[in-house]
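This report covers a predicted model.

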Amino acid sequence: MDRTTIALAVLGVLLVGAVAGGSTLVAAERTVLDSGYVTGTIAADDRYEEIRAPFVTTVRERLAEGSDPVPETTPPGIEVRPFDREAFAESAVAEAFGPARIDDTIEGMYGYLHGRQGREVLTLSLDDVKAAYARRVTEEAIDIDAAALADVGGETEGPMAINGTTVERLRASESSYLETRADFRESLPDGTDREALAERTKADIEPAVAEATADEEPAVTEAVIAIQFATVDALAGDLTYETYQERIDDAEADLRSVAGDRVRERIDELAPETIALDGEDGPVRNIDDTRAIVGTLDLLVWVVPAVALGLIGLVYGLTRSMWTTARTTGGAFLTAAAICVLIAILAGDAIAAAVDDTSAADGGDFGAVIGSIVDGFLDALVVQSLVVAVLGVVLFGVVWADRTGRLDGVRSALGRGPVATARGTSENPEASAVTSVTNATDRENSVDEADTRSTEGDDEPD
């Protein structure tokens, strides 16, 4: 075996590796290393719940399994009912980390992995999560007792008794409202100026409530006064039942807002302002190592195909034969395609087993998210391999067609003579070759080319 043959074999093996490696890298860049593909796969498979799971765990540890997120003190007339902390934490994360937020987070993380963005994209604000958690606690776990608020500051003196019992009767129903007001008015001495009585009563209420709520926010004092003033107007004035209810509801909403602020303050004490994706509480590990690997792959995806083209050029430089170059390239394409398809089949089974193990270990389906993404990569690799295999077959077909003279018309149209063929004729069946050269340049170089062709055993023009 001469040195040319050995060199050609080595180049062929290297070309197989370059084509297989390049195809694998391109498939990876189009799938597992592409944020658009990843987010699209998550959306198509509706895997957002699994992506949120690590964040739910972090928030739950701080809010659901730690100290009580409810403030130790609440304004008067406000009661906090027991609630499911875990369910509230999960719903807060689901609300704050919706599909759009998750997609943006993945885009940022991939930007960091590919070197397009800095580490700041790995830090996520938990402000929306804490706000959602506080809002749900405020709306679903806090009760405002308007009747109790009517007793703040003590019962008013005189004929107009503003107390919890009065508020309860006024709010019970429209008929109860009208009956309570009628009873009050019947109890007044004849000739009583109800408007003047209402003004005196309000004048007594305001300082009493201010003193009783001196340690609370001004909003609490104002809300309590608003409830008691509305009750005065209901008894002494022409306030309708609907308007009275609206004024009480507005005052309760103000108090609920105060309670919500206190819940939020307490949550701020328990939960961090941000979470780092690669931090102690984050779901990502060894991201800097991954970034280095991704950066290398981003470079190789251009370098390896360029190396493959260089190897094809070396094959031609070694043989000076288009036929040999095409055959070697076609064979490398077919071999590389077969290797990639085999890897995809074997890897598919291994990944399926790994997904089952991961899901069993974490008690969830997060492994299925990774499995779906990698499945897409393997599918892309198979499709690309089929395309590469087709190109290999085409190259072999062109060589065969040229050697058997089926491309003579094309060669003539391009200004090149018909190729020398290895076939007999009816006039001289024993002839092994008939050489027909019409291009002047080919004739001038035929002697030099003969030496090169002798190393290939082919009768092929340049």
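## A buried glutamine

Gln 384 counts as buried, at 14% relative accessibility; buried means under 20% relative accessible area, exposed over 50% and partly exposed in between, with a 1.4 Å probe and protein chains only. Gln 384 lies in helix α15 (residues 366-403). Helices (H or I, at least four residues) and strands (E, at least two) are DSSP runs numbered from the N terminus.

Leaving aside residues up to four places away in sequence, Gln 384 touches Ser 23, Val 26, Ala 27 and Arg 30, where contact means heavy atoms within 4.5 Å. Gln 384 and Val 26 are 358 residues apart along the chain, and their C-alpha atoms are separated by 8.8 Å.

## The nonpolar core

The largest nonpolar core has 106 residues, and Phe 97, Val 129, Tyr 133, Met 160 and Tyr 244 have the most contacts inside it. Helix α11 (residues 218-236) supplies the largest share of this core, eleven residues. Such a core is a set of buried Ala, Val, Leu, Ile, Met, Phe, Trp, Tyr and Cys residues joined through side-chain atoms within 4.5 Å.

Val 129 touches Val 59, Ala 92, Val 93, Ala 96 and Phe 97, not counting residues up to four places away in sequence.

## Positive phi in two loops

Asp 46 sits in the loop between α2 (35-45) and α3 (48-64). Its phi is near 55°, a positive value in a residue other than glycine. Asp 46 is exposed, with a relative accessible area of 58%.

Arg 320, in the loop between α13 (287-319) and α14 (322-362), also has a positive phi, near 55°.

## Basis

Residues are numbered from 1 along each chain as its sequence is written, and side-chain values use heavy atoms, with hydrogens and water left out. In this predicted model local features need pLDDT of at least 70 and side-chain atom pairs count only at pLDDT 80 or more, while totals for chains, interfaces and linings use all residues.
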